[in-house]
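Please have a look at the sequence and the fold before reading on.

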Amino acid sequence: MTKVTAINHKEGLKTIITAGNHQLIVDEPKDLGGNNEGVNPHELLASSLASCTTITLRMYVNHKNLPIEDIHVEVDVETDKANKTSSFKRKIQIHGHYDESVGKRLLSVANACPVHKILEGSIHITSELNQSF
């Protein structure tokens, strides 16, 4: 199980995320009331898919000793509030020497990244309100 903590103090929208031994800042742009001190939550979600894809591909490439240099992944997220749907468009660029069959396998590996599987699956969210932790 993955556990992440988000804390917002009284001033502004800046939120400190703690995951294991790591911290990052999430905020909103100034036009939405934040101070633009970090990525916004939508960017963070897209970052999860992009980074998981990149890491999964790199692990596969290293395991197979493929002559791959850089892996670039770009993710755009579009939300349709009226229909309560979201679409993720992922563009993957893999720099190196490989043939079409390896390219097809790399795309299959990208589609098997754990975050991709979570986002494609059924997601259930439960919430509870506690007076204090």
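A residue counts as buried under 20% relative accessible area, as exposed over 50%, and as partly exposed in between (1.4 Å probe, protein chains only). The model is a predicted one, in which local features need pLDDT of at least 70 and side-chain atom pairs count only at pLDDT 80 or more, while totals for chains, interfaces and linings use all residues. Residues are numbered from 1 along each chain as its sequence is written, and side-chain values use heavy atoms, with hydrogens and water left out.

Let us begin with the charged pairs. The structure holds three salt bridges, a salt bridge being a side-chain nitrogen of Lys or Arg within 4 Å of a carboxyl oxygen of Asp or Glu.

| Salt bridge | N to O distance |
|---|---|
| K14 and E37 | 3.4 Å |
| E74 and K91 | 3.8 Å |
| K104 and E100 | 3.6 Å |

Where does the pair of K14 and E37 sit in the chain? K14 lies in the loop between β1 (5-8) and β2 (15-19), and E37 lies in the loop between β3 (22-26) and α1 (41-64), so the pair links distant parts of the chain, 23 residues apart. Helices here are DSSP runs of H or I with at least four residues, strands are runs of E with at least two, and both are numbered from the N terminus. K14 is partly exposed at 30% relative accessibility, and E37 is partly exposed at 41%.

E74 is partly exposed, at 40%, and K91 is partly exposed, at 41%.

K104 and E100 are four residues apart in helix α2 (residues 100-111), so about one helical turn separates them. Both of these residues, K104 and E100, are exposed.

Now for the helix crossing. The axes of α1 and α2 come within 8 Å and cross at roughly 130°; axes are lines fitted to C-alpha atoms, for helices over the stretch in contact, and angles run from 0 to 180 degrees between N-to-C directions. That angle makes α1 oblique to α2, because angles under 35 degrees count as roughly parallel, over 145 as roughly antiparallel, 65 to 115 as roughly perpendicular and the rest as oblique.

One last stop is I123, which is found in the segment after α3 (114-120). I123 is partly exposed, with a relative accessible area of 48%.
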